[in-house]
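Subject: Structure handover

Hello,

Here is the structure I promised to pass on. Please open it beside this email and follow along.

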Amino acid sequence: MAHHYVSHIVWTGNRGQGTAGYRSYDRTWDIAIAGKSVIHCSNDPLLGGDPHKMNPEDLLLSALSACHMLWYLHYAAVDGVVVTRYEDQPMGMGEVGPAGAGRFTSAILRPSIVLRTGSDEAVARAIHGRIHEVCFIARSVNFPVACEPTFSFTD
């Protein structure tokens, strides 16, 4: 079954002269999809972007983490593991080649998961190994993605 996704990217960096010169415009844009909150974005700060705005690398890493989380929560519910909190601080590693082109070389997801006391930690841990078989984003990237979860319990 085919799925279709659309986005709407609007360049916001025209300072009045467009791209008349390399330094005459900002590397900013909005993700402005009808009916959804606008996300203000910029280029990576290493490439002259605004460090206070999301950049493409942030968005890719965040999408990878969010997809993993959503599948994790699904499998946890199906497998009887009660998750009460889930946070992740993923890290992407990249490289820039001699010509200046960059790419991700790997990513590590580092979810911190709080389980309700009585949940089986072995089952909770095993769920992570199944997610890369189904996560749309993880199945779409061409770099390895590792997962290093930590667990704690609450009543």
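Is arginine 125 buried, partly exposed or exposed? Arginine 125 has a relative accessible area of 40%, so it is partly exposed. Here buried means under 20% relative accessible area, exposed means over 50%, and partly exposed lies in between (1.4 Å probe, protein chains only).

Two notes on how to read the rest. This is a predicted model, in which local features need pLDDT of at least 70, side-chain atom pairs count only at pLDDT 80 or more, and totals for chains, interfaces and linings use all residues. Residues are numbered from 1 along each chain as its sequence is written, and side-chain values use heavy atoms, with hydrogens and water left out.

**Helix α2**

Arginine 125 lies in helix α2, and so does glutamate 121. Helices (H or I, at least four residues) and strands (E, at least two) are DSSP runs, numbered from the N terminus. Helix α2 covers residues 121–131. Ala124, Ile127, His128 and Ile131 are buried there. They line one face of the helix, because their directions fall within an arc of 100° seen down the axis of α2. That arc is taken from the directions from the helix axis to the C-beta atoms. An α-helix has 3.6 residues a turn, so residues three or four places apart point the same way. On the other side of α2, Ala122 and Gly129 are exposed.

What do the buried residues of α2 pack against? Their partners are α1 (56–79), β4 (83–88), β7 (111–116), β8 (145–147) and β9 (150–154). Contact means heavy atoms within 4.5 Å.

Now look at the N-terminal end of α2. Aspartate 120 caps it, with a side-chain oxygen 2.9 Å from the backbone nitrogen of alanine 122.

**Salt bridges**

How many salt bridges does the structure hold? There are 5. A salt bridge is a side-chain nitrogen of Lys or Arg within 4 Å of a carboxyl oxygen of Asp or Glu.

- Glutamate 121 pairs with arginine 125, with the closest N and O atoms 2.8 Å apart. The two are 4 residues apart, about one turn of the helix.
- Aspartate 79 pairs with arginine 130, at 2.7 Å between the closest N and O atoms. This pair links distant parts of the chain: aspartate 79 is in helix α1, arginine 130 is in helix α2, and they are 51 residues apart.
- Glutamate 87 meets arginine 85 at 2.2 Å, N to O. Glutamate 87 is partly exposed at 37%, and arginine 85 is partly exposed at 48%.

**Aspartate 30**

Aspartate 30 sits in strand β2 (residues 28–31). It is buried yet has no salt bridge. The nearest side chain of opposite charge, lysine 53, is 6.2 Å away. For charge, Lys and Arg count as positive and Asp and Glu as negative, while His and the chain ends are not counted. Aspartate 30 does have a polar contact of 2.7 Å with the side chain of histidine 40. A polar contact is a pair of N or O atoms within 3.5 Å; within protein, one must be able to donate a hydrogen and the other to accept it, and residues adjacent in sequence count only if both atoms are side-chain atoms.

**Valine 145**

Valine 145 is in strand β8. It counts as buried, because its relative accessibility is 17%. Leaving aside neighbours within four places in sequence, valine 145 is in contact with Leu64, Ala107, Leu109 and His132.

Best wishes
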